[in-house]
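Welcome! Take a moment to look over the chain before reading on. The notes below will walk you through it topic by topic.

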Amino acid sequence: MKAIFSFTCALILGFVAASAQYFSTTADQKFTFNEKSDEVNQNYSVVVKSVDTDADGIVTAVYEETHKVPGGGVFDEMKMTSKYKYNPVDEVTTHVLMDRQSMIDMLFPVIQTSAQGQMSDDQIREHLNSMKITGEIVVPVAPNAAEGQVFEKSRMRCFMGEQQMNILLSKGTYLGKETIETEAGKFDCVKLSYQMKTAVVGAPQIQYVTAWYAPGVGAVKTVSGNKKGADSEQQVIVSVGK
């Protein structure tokens, strides 16, 4: 009887852990998204590069996006990384949209192209690693949050010589639960919105973002625009691989 009870508890705990994480815990799993805006209408891939669990039970997954740059231009392809972290204590999944490493990875091909061979890849990385970068941009996905509940702002600063890049995520608000349907199927989501402000030189650029997060996947749909209620860009999941 004790063995049956223990086995039952293990099944229940396993189900709760699997369903509570708003991201994939399967390394090498691949998702395909469609990115659509006034200038772009194309698919891009997202791959789960790694999944780790630390001594405190916090699960971290690293996602890598590969985007083709329309028309070539500065470079043909851009890779971006983000992280998901699940804390079993409060059952909150934190989507780390940008941190120090993802900022360096994003800037590398830009500097590589602009350097036009005058700097080696090692020199570029050394330069980027010496930059002062503070903070990170995060979205906490709380499945039990009440509709209208707000979440804390996050900020990131990147110092590039005499220039400074400031990124601020603010006015984050939970908008309740919503089921959405895409080419990849139906997803029961936590819906939320936030404002992203980026300032480098001159007037800051502001994006108003609404996102839907599904268990076992992560963000399955994101819409944004530079005016409230005016959605000019969207990313939607179209397939789920293994």
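D99 caps the N-terminal end of helix 2, with a side-chain oxygen 3.3 Å from the backbone nitrogen of Q101. That is a polar contact, meaning a pair of N or O atoms within 3.5 Å; within protein, one must be able to donate a hydrogen and the other to accept it, and residues adjacent in sequence count only if both atoms are side-chain atoms. This is a predicted model, where local features need pLDDT of at least 70 and side-chain atom pairs count only at pLDDT 80 or more, while totals for chains, interfaces and linings use all residues. Residues are numbered from 1 along each chain as its sequence is written, and side-chain values use heavy atoms, with hydrogens and water left out.

**The chain as a whole**

- The chain has 3 helices and 14 strands; helices (H or I, at least four residues) and strands (E, at least two) are DSSP runs, numbered from the N terminus.
- Of the 242 residues in the chain, 41% are buried. Buried means under 20% relative accessible area, exposed means over 50%, and partly exposed is in between (1.4 Å probe, protein chains only).
- Among contacts in the chain with a separation of 6 or more, 48% are between residues 24 or more positions apart. A contact means heavy atoms within 4.5 Å.

- Helix 2 covers residues 100-115, and at 1.5 Å a residue its 16 residues should span 22 Å; the end C-alpha atoms are 22 Å apart, which agrees. The expected span is 1.5 Å times one less than the number of residues.
- At L107, helix 2 bends by about 30°, and a proline, P109, follows within four residues. The bend at a residue is the angle between axes fitted to the seven residues ending there and the seven starting there.
- The buried residues of helix 2 are S102, M103, I104, L107, F108, P109, I111 and A115.
- Their cover includes strand 4, strand 5 (92-98), helix 3 (121-129), strand 6 (132-135), strand 9 (154-160) and strand 10.
- After helix 2 comes Q116, whose phi is positive, near 50°.
- N129 lies in helix 3 and is partly exposed, at 45% relative accessibility.
- Leaving aside neighbours within four places in sequence, N129 is in contact with R100 and I104. The C-alpha atoms of N129 and I104 are 7.4 Å apart, although 25 residues separate the two along the chain.

**Aromatic rings**

- The structure holds 5 aromatic pairs. Rings of Phe, Tyr and Trp (its six-membered ring) pair if their centres lie within 6.5 Å; planes under 30 degrees apart count as stacked, over 60 as edge-to-face and the rest as tilted.
- One of these pairs is F33 with Y44, which is stacked: the centres are 5.6 Å apart and the planes make an angle of 15°.
- F33 is in strand 1 (residues 30-37) and Y44 is in strand 2 (residues 41-53), so this pair ties together parts that are 11 residues apart in sequence. F33 is buried, at 7% relative accessibility, and Y44 is buried with a relative accessible area of 7%.
- Y63 and Y84 form a tilted pair, 4.8 Å centre to centre with 55° between the planes.
- Y63 lies in strand 3 (residues 59-68) and Y84 in strand 4 (residues 77-87), so the pair ties together parts that are 21 residues apart in sequence. Y63 counts as buried at 4% relative accessibility, and Y84 counts as buried at 3%.
- F23, F31, Y63 and Y84 form one aromatic cluster.

**Charges over rings**

- The charged end of K221 sits over the ring of W212, 4.9 Å from its centre. A charge sits over a ring if NZ of Lys or CZ of Arg is within 6 Å of the ring centre and within 35 degrees of the ring normal.
- K132 lies over the face of F159, at 5.1 Å from the ring centre.

- E91 is not a glycine, yet has a positive phi of about 60°. E91 is found in the loop between strand 4 and strand 5 and is partly exposed, with a relative accessible area of 29%.
- K171, also not a glycine, has a positive phi of about 55°. K171 lies in strand 10 and counts as exposed at 60% relative accessibility.
- T173 is found in strand 10 (residues 163-182), and the side chain of T173 reaches the backbone oxygen of K171 at 3.4 Å.
- Not counting residues up to four places away in sequence, T173 touches G148, Q149, V150, F151, L192 and S193.
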